[in-house]
Amino acid sequence: MTATASASLDSDGTLRCAGAWKMANVPFLERQLAEVLGKGSGQQIWQMSGITAMDTTGAWLVRRSLRRLEQTGRRVELRGLRAEFDQLIRWISADAGESVAGQPEKPGMIDQLGHATWNASLQALGFLSFVGESTLVLLRLLVNPSRIRWQPFFYNLKAGGLQAIPIVGLLSFLMGVVIAFQAAVGLRPFGASILIVDFVGIAMLREIVPLITAIIVAGRSGSAYTAQIGTMKVTEEVNALRTMGISPLELLIAPKVLALIVAVPLLTAFADVTGVFGGMVIASTQLDVNFNAFLDRFTSVIYPIDYLIGVGKAPVFAVIIAMIGCYQGLCVGGSAESVGRHTTISVVQSIFLVIVFDALFSVLLDRMGIGLFVQ
Amino acid sequence: MSLDDNTTEPVIEIRHLTTKFGSAVIHDDISFTVLRGEIFAVVGASGSGKSTLLQEMIMLRRPESGSIHVLGKDLSAIGERESVELRRRLGVLFQHGALFSALTVAENIAVPLREHTQLSAEFIREIVGIKLGWVRLPPNSAGKYPNELSGGMLKRAALARAIALDPELVFLDEPTAGLDPASTAALDDLIRQLKYILGLTIVMVTHDLDSLWHVAGRVGVLGDGKLLQVGTMDELSRSDHPLVAEYFQGSRGRGAKEQAWNPK
């Protein structure tokens, strides 16, 4: 394709075409032709014998230029065109040559709003029926535990629980450090350093640790569930299970939900320890409250209920994360891109719902008389 | 373009090719040549290394030893820029189409044109229209996404993308696998027609005996890690090599031959 190409007008009005009319030269030829085509009138002669090579784009350039000229009422005679190039040009024009935009039509705003509303309602309805269905399956499994698939259950327990311990422990420790730092700044000027125990204890056990654990699990396990089930949808493995009379809910989803219900409270309990330890480290280095003094006060101001509230939220968060992860996995349709999109939706929705439920818990506990203000 | 009627110019030359997966030998000293303008088919039982051979020819895999020359370039000594140049002259139709699922059919076909040419957007759209017409896809399929297409349409769309840049050499991996007989016949005709008009050289991997009779010029049979025999279908169907005979002279092979000899 190093050979150059040209299209130039002779003094007698003949268009002389030469060289390789191939893809690389077409943009150049197109510009040259545009200059030339405006000139002249009536019959025009194109001398094509100088053309040494031609591909689809070259042929199409000839064809579309001819068409434009004919539209303006001029006639063109091609001379000296090699037989095979002639054939190529004819073959192209016989077939197509319409401009194909290839973009589906963009709907209007009201159209889009309607679609979005409709899809959102369908999603909500679909999720509701999914929750109902899987609750039934879970209840049936609880009545008849021999039907629980223990192998995937333990696998998910390991993947979602055991292997999450380092990251959950570390991040919770860091959150303890951060929270204690903020408290230290406020407490030191008042000589109320010892109150850091109350602050760190209550904030970590009741709120921060359950939340941070749930968010990490949503990012680690929830997304993995969506991607795994979604890929199985794309490769029709889920359909294969159905045709074998194996319920995907029972084989794929129940073990994941059950595993997270066990794993998340355990992770939360572990993270409670590292989180409070993070606060202790800051208390002793920044506020001269040593470990003994910290633990002394801890046992007198922090009640088991604080711990239980935090750990008690964990199974609820676990169910939210597992259900949304699995549901979004089942929503995947057709393509690889869809897997990515639903994985994103899964993580965003589960973190969103975890925080909403956390807020609901606060209101509910307050009403029940075990909120913070009653103590 | 097929200016020169010199059909003895080699397009692919494979010499003493050896491929291993771990300790398993897939190809054991294979040599053959594909000439310009022919349709060369590679056949063999499942697991005989057809697809691996294809991957090596399109630079997705390196063989353990031996040399492969494609369009005169030695693949074992090719540089980064040269390989990009070479890839532009090749078109590949993957077994499952491998259309980009996030793009519509028209956008899929436009991808190589946008990446490798300076053509204007309008010109590209028109070329896409031509290619769609060539593979006999209706214009309304242009705006569809791959997951909305049937298997036959998917293959056609993928073929249109493979020939988007007017390649000299086209590789087809199981082009008719999973298609109904009517679609298979139509695709076979299409392949022959494109070869004729565009002067393509085609290398195809296939199992389809009907396709082999209708489309292939020469056929290479892989088996036991060796290239057992290369020849026209007629020669192969009379072969006395036991593995080749098993492949071509079973009841299905005979049926395909009779059909090819007695067209309706």
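Reply: The starting point is pLDDT, the predictor's confidence in each residue, on a scale from 0 to 100. The model shown here is predicted.

Me: In which elements of chain B is confidence lowest and highest?

Reply: Within chain B, helix 10 (residues 251–261) has the lowest confidence, with a mean of 68, and strand 8 (residues 201–205) has the highest, at 91. Chain B as a whole averages a pLDDT of 83, and 94% of the residues score at least 70. Residues 1–5 of chain B stay under 50, and the model has six contacts for them beyond four places in sequence. The scores for the model are ipTM 0.73 and pTM 0.71.

Me: How should I read the pairing of strands, and in what order do the four strands of the open sheet in chain B stand?

Reply: In general, strands of a sheet pair through backbone hydrogen bonds, either parallel or antiparallel. In chain B, the four strands of the open sheet follow the order 2-1-4-5, with antiparallel pairing. Strand 2 and strand 5 (73–74) of chain B are at the edges with a single partner strand each, so one side of each has no neighbour in the sheet.

Me: Which strands does strand 1 of chain B pair with?

Reply: Strand 1 (residues 10–21) of chain B is joined to strand 2 (residues 24–35) of chain B by eight bridges, and the two run antiparallel. Here Ile12(B) has Val34(B) as its bridge partner in strand 2. Two residues lie between the strands of this hairpin, where Gly22(B) takes a positive phi near 60 degrees. Strand 1 of chain B also pairs with strand 4 (residues 65–70) of chain B, in the antiparallel sense, over five bridges. In strand 4, Ser67(B) stands opposite Arg15(B).

Me: Into which domains is chain B divided?

Reply: Chain B is divided into domain 1 (1–6 + 35–89 + 168–264) and domain 2 (100–166). Taken over C-alpha atoms, the centres of these domains of chain B are 24 Å apart. Contacts link 10 residues of domain 1 of chain B with 11 residues of domain 2 of chain B. On the domain 1 side, helix 6 (residues 181–198) of chain B supplies the largest share, five residues. That side comprises seven nonpolar, two polar and one charged residue.

Me: How many residues of chain B are in contact with chain A?

Reply: The size of an interface is often given as the accessible area lost when the parts come together. Counted by contacts, 28 residues of chain B meet 30 residues of chain A. Helix 3 (105–116) and helix 4 (121–134) of chain B are the elements that give two or more residues to the chain B side. Helix 4 of chain B gives the most, with 11 residues. The chain B side divides into 15 nonpolar, eight polar and five charged residues.

Note on methods
Residues numbered from 1 in each chain as written. Chains lettered and ligands numbered in written order. Predicted model: local features only at pLDDT ≥ 70, side-chain atom pairs only at ≥ 80, totals over all residues. Contact = placed C-beta atoms within 7 Å. Pairing = 2+ DSSP bridges. Nonpolar A, V, L, I, M, F, W, Y, C, P; charged D, E, K, R; others polar. Domains from an automatic or database assignment.
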